[in-house]
Amino acid sequence: RDWGWWKRFASWNVSVELHLPCRDPIDHLLSQCNFLGVTFNCQGDLVPEIRQCLVNPNRFHRSLNGSEDFPNFKMKCFRNELTSKYVEYMGTKLQRKRFQSTFKPIPSNLPRNRSKECLWGNHSAKL
């Protein structure tokens, strides 16, 4: 979904907390390339390489963190690799849902070989 979807909750008289897995930007980009089956090429202009790897780039916007348009919103970030532990931890802090379900992580990517990802060794590449 586009981040604008959240506007329906901006006028509510309740606090809205968005808990987001945070990642290193290059790791996140290369994970998206892997998801799409794209090999990132570090030769030449990186902008087209980046664009072909982006998955739903409009699902996030900084204004979702307590801006004038979203005064009742706050974002919290947790380490992506600890998602299961974070969900378990938050389960002790949050109100129970009316209809319970079990969180089941669904792996969506094939394993990556970081040594074959050219951006890790490209010191001239800047995001």
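I take contact to mean heavy atoms within 4.5 Å. The model is predicted: I read local features only at pLDDT of at least 70 and side-chain atom pairs only at pLDDT 80 or more, while totals for chains, interfaces and linings use all residues. Residues are numbered from 1 along each chain as its sequence is written, and side-chain values use heavy atoms, with hydrogens and water left out.

**Confidence**

I checked pLDDT, the predictor's confidence in each residue, from 0 to 100. The protein chain has a mean of 87, and 96% of its residues reach 70 or more. Helix α2 (residues 46-51) has the highest confidence, at 95. The lowest is in α3, at a mean of 86. Helices (H or I, at least four residues) and strands (E, at least two) are DSSP runs, numbered from the N terminus.

**E117**

I looked up E117 in the segment after α3. Beyond its neighbours within four places in sequence, E117 is in contact with L30 and R112. E117 counts as buried because its relative accessibility is 14%. The classes are buried under 20% relative accessible area, exposed over 50%, and partly exposed in between (1.4 Å probe, protein chains only).

**N56**

N56 is not a glycine, yet has a positive phi of about 50°. N56 is partly exposed, at 34% relative accessible area.

**Pockets**

I then turned to pockets. On a 1 Å grid over the protein atoms alone, with a 1.4 Å probe, a pocket is an open set of points with protein on both sides within 12 Å along at least five of seven lines; lining residues have an atom within 4 Å of a point. Volume is the space filled by probe spheres set on the points, which are joined across faces, edges and corners.

The largest pocket has a volume of about 1700 Å³. Its lining has 42 residues, with P21, R23, H28, R59 and N80 nearest the centre. Helix α1 gives the largest share, 7 residues. β1 (16-22), α1 (25-36) and β2 (73-79) each supply at least two.

The second largest pocket holds about 680 Å³. I found 14 lining residues there, with V87, G91, L94, Q95 and K97 nearest the centre. Helix α3 (residues 83-90) gives the most to this lining, 3 residues.
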